[in-house]
Amino acid sequence: MTVDVSNTTSLHTAENQGHIEVVNYLLESQSSLATIAKSNGKTALHSSARNGHLQVLKALLSKEPGIATRMINKGQTALHMAVKGQNLEIVKLLLAQNETDTKVINRSHETALDTAEKMSQAETVAILQERGVQSTKVLNPQATNPARELKQTVSDIKHEA
């Protein structure tokens, strides 16, 4: 298998372009490609969640469902990436996966719910809450992020003004 300096495989490239036929071909020939992470820790699943490539995401999960548990170097899961990508279908699909851990707190001290709230995604917040996803404040009340608290305070003041 050929990779570049950032450990990018042909599967990563096909995912990035949304080429489902190529993704399926590569997974048929070597499904373990789905488990290979780039140097930043992202698998093709993380990228497809962020990029909104639903069919690619489904193909990856069907071959390697366990990759839903993987975290990138920033501590983010595919669910975090789906929230950042603002794709409700992908968020819902990942929430339906038994392997998805909704309690992961990334290095910014955020769960997927915290990320959705920070990005003012009301519909995503509602879906995450319906499915029992909790915030960092609930899961780990001792963990505070002073920078995030300051940013939130400034945001709150702006909204009140």
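**Ground rules**

I am working with a predicted model, in which local features need pLDDT of at least 70, side-chain atom pairs count only at pLDDT 80 or more, and totals for chains, interfaces and linings use all residues. Residues are numbered from 1 along each chain as its sequence is written, and side-chain values use heavy atoms, with hydrogens and water left out.

**Entry 1: the whole chain**

I began with secondary structure and found ten helices and zero strands. My helices are DSSP runs of H or I with at least four residues, strands are runs of E with at least two, and numbering starts at the N terminus. Read from that end, the elements run α-α-α-α-α-α-α-α-α-α.

Next I looked up the dimensions. Along the principal axes, the C-alpha atoms fill a box of roughly 55 × 30 × 30 Å.

Buried stands for under 20% relative accessible area, exposed for over 50%, and partly exposed for anything in between (1.4 Å probe, protein chains only).

The accessible surface comes to about 8,800 Å², and carbon and sulfur atoms hold 48% of it. Areas are from the Shrake-Rupley method with a 1.4 Å probe, and for residues only the protein chains shown count as cover.

For contacts (heavy atoms within 4.5 Å), I kept those with a separation of 6 or more, and 68% of them join residues 24 or more positions apart.

**Entry 2: the nonpolar core**

Which residues touch the most other members of the largest nonpolar core? I noted Leu11, Leu45, Ala49, Leu60, Leu94 and Leu128, out of 37 residues in that core. Two or more residues each come from α1 (10–17), α2 (20–29), α3, α4 (54–63), α5, α6, α7 and α8. The largest share, six residues, is from α4. By nonpolar core I mean a set of buried Ala, Val, Leu, Ile, Met, Phe, Trp, Tyr and Cys residues joined through side-chain atoms within 4.5 Å.

Leaving aside residues up to four places away in sequence, Ala49 touches Leu57, Ala78, Met81, Ala82, Ile90 and Leu94.

I took α3 (44–51) next. Six of its eight residues are buried, so α3 is largely enclosed by the rest of the structure. The buried ones are Ala44, Leu45, His46, Ser47, Ser48 and Ala49, and they pack against α1, α4, α5 and α6. Just after this helix, Gly52 has a positive phi of about 80 degrees.

In α5 (78–85), six of the eight residues are buried too. I listed Ala78, Leu79, His80, Met81, Ala82 and Val83. Their packing partners are α3, α6, α7 and α8.

**Entry 3: loop residues**

What comes after α5? Gln86 follows, with a positive phi near 55 degrees, although Gln86 is a residue other than glycine. Gln86 sits in the loop between α5 and α6 (88–96) and is exposed, at 52% relative accessible area.

Ser120 also has a positive phi, about 55 degrees, without being a glycine. Its loop is the one between α7 (112–118) and α8 (122–130), and at 59% relative accessibility Ser120 is exposed.

I placed Ser135 in the loop between α8 and α9 (136–139). Beyond residues up to four places away in sequence, Ser135 touches Thr111, Leu113 and Asp114.

My last stop was Pro65, in the loop between α4 and α5. Pro65 is partly exposed, at 31% relative accessibility.
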